[in-house]
Amino acid sequence: MTPAARVQAAIEILDSIIEAARSKGPPADRLVAQWFKDHRFAGSKDKRAIRELVYDAIRACGPIPSSGRAAMLGLAEEQDDLRELFSGEGYGPAAIVEDESVAAGGIAPEWLENRLIASGIGEEEAQSLLSRAPLDVRVNRLKLPDGTGEFPEAGDPLALPGALRFPSGTKVTEWEAYEQGLIEVQDLGSQIACSAVGAAPGDTVIDLCAGAGGKTIALAAALANEGTLVAADTDKRRLSQLEPRAERAGAQIAQIVLLDPGSEAEALAEWEGKADHVLIDAPCSGTGTWRRNPEARWRLTPAELGRLAALQARLLGIAAPLVKPGGHLTYVTCSLLDEEGKNQIARFIADNPGWISDRSELPLGTPHGDGLRLTPSTDGTDGFFIARLGKPC
């Protein structure tokens, strides 16, 4: 493919991503993969170049652009050499005309930028949310107890034992070590969130929003498979992925519970007052994951943010009775918005006398309200809010 044809291909993919963002359709990575599947003539170099153009254009646009062409023209404002490829030649995009629509830059739609500012996110931190993320892995101590192993490439050691960092795009999922369950792909921030729980062998731990189980199997490693681990979620599809992942990792899970939305407390009644630790990895806006999913900022609306905040408050209410006296509740969101983090915990503490903030010692993070905040610019992780609360005896 010619460079111009690659630009035109990126424009076509961007059109589908923009439409999906407006209609809550498939995520960008799935749409990129589908385009490549439908256009098998594109070689590996073409695919790499097109993918980079697509994601560079997404990162260059603040509000959702009117079209893929407008998004690419917005990128051309930053990469001037792209403009000469708008000539209509070589299967490339048509020539640029006067007063043509060009996507606006910025961090996010204006309302969302304002929410970030109100949450104490400065310009440098906001810009870092649109940087490219590295690839982090967690060495599985259930299979490599000392946290070390021989891998095809040497990763950079990180702030937690057994945490390694590789360049973005490293194909660790093709390694034999991955197939054998010796390592798990997991951002350092997510690993720190699991560490914050403070789970130890013999404990009873409930992962209330287990999803596909990334944090669940990390908790199993912290327990050394000595204790009781319960994984629960309302998403049947994602929860179905947990069992094979746990088997590969050698993780023992006492019970997997599919929750019926609105009836979670009934399904978990047998655990009331018995858990040493409950983890809420709450559904959230994902503002801390824009390095990996930059188009997510086009999908969020004020109404959706309000719905998520209400759900998070409800999950805190479901989790609290499960914790035994003297136990702990750990609340985590991959969001940097205070309505999903600091404000949620402040409200919970105000409504539940006796509960206190009980920060465990963590290697990274900045105090924020009654919890800690992780950001790409300060900590080199995805963005997280983490709060550990102690229940009165």
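**Entry 1: helices 14 and 15**

I began with the packing of helix 14 (residues 302-319) against helix 15 (residues 342-351) in this predicted model. Their axes lie 11 Å apart, at an angle of about 40°. That angle is why I wrote down helix 14 as oblique to helix 15. I also looked up the handedness, and helix 14 passes helix 15 in a right-handed crossing.

Next I wanted to know which residues make the contact. From helix 14 I found Ala 309, Gln 312, Ala 313 and Leu 316. Helix 15 brings Gln 344, Ile 345 and Phe 348. Sorted by class, I get 5 nonpolar and 2 polar residues, with no charged ones.

**Entry 2: Thr 216**

I then turned to Thr 216, which sits in helix 9 (residues 214-223). Is Thr 216 buried or exposed? Its relative accessibility is 0%, so I noted Thr 216 as buried. I set aside neighbours within four places in sequence and listed what Thr 216 still contacts. The list reads Asp 207, Ala 210, Leu 229, Ala 231, Leu 242 and Ile 253.

**Entry 3: Cys 334**

My last stop came from a record: an unreviewed UniProt entry lists Cys 334 under "active site". Where is Cys 334 found? I located Cys 334 in the loop between strand 9 (323-333) and helix 15, and helix 15 is the helix that packs with helix 14 in my opening entry.

Conventions
Residues numbered from 1 in each chain as written. Predicted model: local features only at pLDDT ≥ 70, side-chain atom pairs only at ≥ 80, totals over all residues. Heavy atoms only, no water. Axes fitted to C-alpha atoms, helices over the stretch in contact; angles between N-to-C directions. Helix = DSSP H or I, 4+ residues; strand = E, 2+ residues; numbered from the N terminus. Parallel < 35°, antiparallel > 145°, perpendicular 65-115°, else oblique. Left-handed = near helix turned anticlockwise from the far one by under 90°. Contact = heavy atoms within 4.5 Å. Nonpolar A, V, L, I, M, F, W, Y, C, P; charged D, E, K, R; others polar. Buried < 20%, exposed > 50% of the residue type's maximum accessible area, 1.4 Å probe, protein only. UniProt positions renumbered as here; feature names shortened; annotations may be inferred.
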